[in-house]
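Subject: The structure we talked about

Hi there,

Here is the structure I promised to pass on, together with some notes on what turned up in it. Have it open while you read, if you can.

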Amino acid sequence: MHILIINPNTNPLTTRRIAEVASSVAMPTTKIEAISAQSGIMAIENPKQSKIAAPIVVQLIVEQAEYYDVTIIAAFSDPGLFEARKITTKPVIGIAESAMLKAAEFGPKFSIITLGEKFRDLIRNHAEACGIGNSLANIRFLPWSVSEVGANQGQYLEAFRLECERAIEEDGAKAIIIGGGPLSGMADNIVDELSVPVLDGVACATQRAETIVIADN
């Protein structure tokens, strides 16, 4: 099968990181192709920028989706997801919805650790739209920008690990999502030190995409 992953920002480092994470969990027979938006935002930091990215993502899907079995939108605000589904018959999924649906399988409550406080309402509404609003215990925002953490994940790993521990203790979370395309890969680097699953949106979306394609065939 052939999966297209669209990075809605223009940062090639993020796109490479997304492709690496997707390839690490994909089946051997799955071909992954990750592309960046050709214009727009270097790093999506707030809902306004997500809205700017949405039509760019939709246009890429108009141009590309028919050549792939499924398309993944790899930003945690899932920009353009619902609009894209109206203009293509091919499956389109987002990393946020995929991670939240997976997290809800692990127990009654999950938490999200991400960046950008202004995304709180958008994420909460997205969980409601996915039918799992009651399972989302908390959205925890760390104080740095997407650009800062995306450029040097290693510097921030301990802070994310500690916030995961707080989510387990204070929220009763049975699973935790590290939310954001530029944060791809962080979950794998801290999960072994924690007592609950720590989920990566790109990994969840890749495995979900494979399941969708297999089910359709």
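This is a predicted model: local features need pLDDT of at least 70, side-chain atom pairs count only at pLDDT 80 or more; totals for chains, interfaces and linings use all residues.

Four strands form an open sheet in the order S2-S1-S3-S4, and their pairing is parallel. Strand S2 (31–36) and strand S4 (92–94) are at the edges; each has a single partner strand, so one side of each is left without a neighbour in the sheet. On average, neighbouring strands here are turned by 25° against each other, direction ignored. Helix H2 (residues 47–64) lies across S1, S2, strand S3 (70–73) and S4, and runs at about 155° to S1.

**The sheet with S5 to S8**

The other open sheet also has 4 strands, in the order S6-S5-S7-S8, with parallel pairing. Its edge strands are strand S6 (136–142) and strand S8 (198–200), each of which pairs on one side only. Neighbouring strands of this sheet are turned by 25° against each other on average, direction ignored. Strand S7 (residues 176–178) and S8 are joined in the parallel sense by 3 bridges; Ile-178 has Asp-200 in S8 as its bridge partner. Across S7 and S8 lies helix H9 (residues 201–216), which runs at about 70° to S8.

**Helix H7**

H7 has 15 residues and spans 20 Å from its first C-alpha to its last, close to the 21 Å expected at 1.5 Å a residue. Which of its residues are buried? They are Leu-157, Phe-160, Arg-161, Glu-163, Cys-164, Ala-167 and Asp-171. These residues lie on the same side of H7, because they cover an arc of only 165° around the axis. The cover over them includes strand S5 (110–115), S6, helix H6 (146–151), S7 and helix H8 (186–190). On the face turned away from the buried side, you will find the exposed residues Glu-169 and Glu-170. Just after the helix, Gly-172 takes a positive phi of about 70°.

**Asp-171**

Asp-171 belongs to helix H7 (residues 157–171). Is Asp-171 buried or exposed? Its relative accessible area is 17%, and the cut-off for buried is under 20%, so Asp-171 counts as buried. Its side chain makes a polar contact with the side chain of Asn-138, at 3.3 Å. Not counting residues up to four places away in sequence, Asp-171 touches Lys-109, Ser-111, Ala-137, Asn-138, Arg-140 and Arg-166.

**Gln-153**

Gln-153 sits in the loop between H6 and H7. With 11% relative accessibility, Gln-153 is also buried. Leaving aside neighbours within four places in sequence, Gln-153 has contacts with Arg-17, Pro-182, Leu-183, Ser-184, Gly-185 and Met-186.

Best wishes

Note on methods: Residues are numbered from 1 along each chain as its sequence is written. Side-chain values use heavy atoms; hydrogens and water are left out. Helices (H or I, at least four residues) and strands (E, at least two) are DSSP runs, numbered from the N terminus. Buried means under 20% relative accessible area, exposed over 50%, partly exposed in between (1.4 Å probe, protein chains only). A polar contact is a pair of N or O atoms within 3.5 Å; within protein, one must be able to donate a hydrogen and the other to accept it, and residues adjacent in sequence count only if both atoms are side-chain atoms. Contact means heavy atoms within 4.5 Å. Two strands pair if DSSP finds at least two bridges between them. Axes are lines fitted to C-alpha atoms, for helices over the stretch in contact, and angles run from 0 to 180 degrees between N-to-C directions. The expected span of a helix is 1.5 Å times one less than its number of residues. The arc is that of the directions from the helix axis to the C-beta atoms.
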